[in-house]
Amino acid sequence: MKNEDKIVIDWLSWTCKKFEDVKELLNYFNFDSMDFSVLPKGQYGYLKSLMSTDTKIRVNYEGTEEMGINVIISGSSCRLLEGQGFDLVELLLLIVANDFTITRLDIALDSYTDLIKKIVKKYDKYEYVSKFKSTKKIENKKGNKSDGVTLYFGSRTSGIMLRIYDKQAEQKTEKPWTRIEFEIKKEYAKDVAQLIGQKGLGETFKGLLSNYLNFVVKRENNVSRSKICYWWKKLIDDIDKIKLYQEPKIKTVEDLKIWVKKQVSPSLATIVQSDLGYDFITEALQDGARRMKDKHYNML
């Protein structure tokens with residue numbers, strides 16, 4: 001029986017301040033608190049940590065009030081949870097619904113083919129179009145023979161990074177196995193989680209992939225005008241591109257003025273010309289003054 005491609009959540013970590021007691025958090029997420037044991041020390045600035053015996057979920061707690069409680073479900077933990085019938089997408093949507101802070105979300109496509117060979121060949125010939133500014137290729141070798149290749153698109157320090165690697169070589173399996181994986185952090189993780197709730201895991205992954213990376217048949221000097229190669233087009237299923245946008249960080253009132261002028265002023269002008277007056281602007285200013293937050297007062 002042929003293994004079909006599948007898309008999975010392969011890492012999920014988040015923090016929350018809703019719970020003062022770590023057992024209360026475990027019960028809320030339907031984790032068996034009796035399965036967790038105390039580790040010798042905490043991590044990431046937390047004084048204490050727990051780990052599940054069965055699923056290796058790690059919970060860090062007793063940090064500062066701002067740090068809350070941190071839960072880490074690694075890739076191997078994701079597979080162990082799924083083996084117990086746990087729905088990771090439902091867990092992700094519960095985290096989003098509570099507005100907890102997602103610190104990292106990895107979503108991956110596993111293709112049980114030698115797709116990695118086609119991808120590396122295209123990469124070496126620069127036959128691809130990427131939204132990422134930086135790329136890197138790492139090849140492991142045993143003597144003169146290759147023992148697995150990993151391609152990185154983007155930076156580990158950025159909000160979103162893509163890696164493609166030979167999972168067969170990593171896991172020492174008999175059959176071919178290529179993994180294509182997004183590592184998503186910061187505000188991007190929240191945006192992607194919300195998209196998964198709206199579109200589903202598969203469509204979200206393929207929409208992101210379609211936007212961030214495409215391998216092409218290079219027939220013109222400008223590679224961006226080349227057609228997507230058939231096997232990559234089949235992989236992404238012609239799903240519409242999903243673009244992630246983060247507003248630039250605004251630190252001063254002058255930055256805010258520039259942002260409003262560039263992004264909002266055309267819309268405001270349209271409303272004023274439609275209403276033939278400034279009543280809406282006055283009403284919006286009054287409403288905005290009522291909804292100002294600490295970050296606005298700090299800016300002032």
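1. Lysine 122 sits in helix α4 (residues 115-124); helices here are DSSP runs of H or I with at least four residues, strands are runs of E with at least two, and both are numbered from the N terminus. Leaving aside neighbours within four places in sequence, lysine 122 is in contact with Glu127, Tyr128, Phe215, Val216, Val217, Cys229 and Trp231, contact meaning heavy atoms within 4.5 Å. The cut-offs are under 20% relative accessible area for buried, over 50% for exposed, and partly exposed in between (1.4 Å probe, protein chains only).

2. A word on the model before going on. It is a predicted one, where local features need pLDDT of at least 70, side-chain atom pairs count only at pLDDT 80 or more, and totals for chains, interfaces and linings use all residues. Residues are numbered from 1 along each chain as its sequence is written, and side-chain values use heavy atoms, with hydrogens and water left out.

3. Next, strand β6 (residues 101-111): nine of its 11 residues are buried. β6 pairs with strand β1 (residues 6-16) in the antiparallel sense over nine bridges; two strands pair if DSSP finds at least two bridges between them. Valine 8 has alanine 108 of β6 as its bridge partner. β6 also runs antiparallel to strand β11 (residues 178-185), joined by eight bridges, and there leucine 109 stands opposite isoleucine 180.

4. Helix α6 (residues 186-199) has 14 residues and spans 21 Å from first C-alpha to last, close to the 20 Å expected at 1.5 Å a residue (the expected span being 1.5 Å times one less than the number of residues). Its residues Tyr188, Ala189, Val192, Ala193, Leu195 and Ile196 are buried. They cover an arc of only 160° around the axis, so they lie on the same side of α6; the arc is that of the directions from the helix axis to the C-beta atoms. The buried residues of α6 pack against α3 (88-97), β6, β10 (160-166), β11 and α7. Just after α6, glycine 200 takes a positive phi of about 95°.

5. Last, threonine 204, which lies in helix α7 (residues 201-212). Is threonine 204 buried or exposed? It is buried, with a relative accessible area of 0%. Not counting residues up to four places away in sequence, threonine 204 touches Val192, Leu195, Ile196, Lys199 and Ile242. Its C-alpha atom is separated by 15 Å from that of methionine 161, 43 residues apart along the chain.
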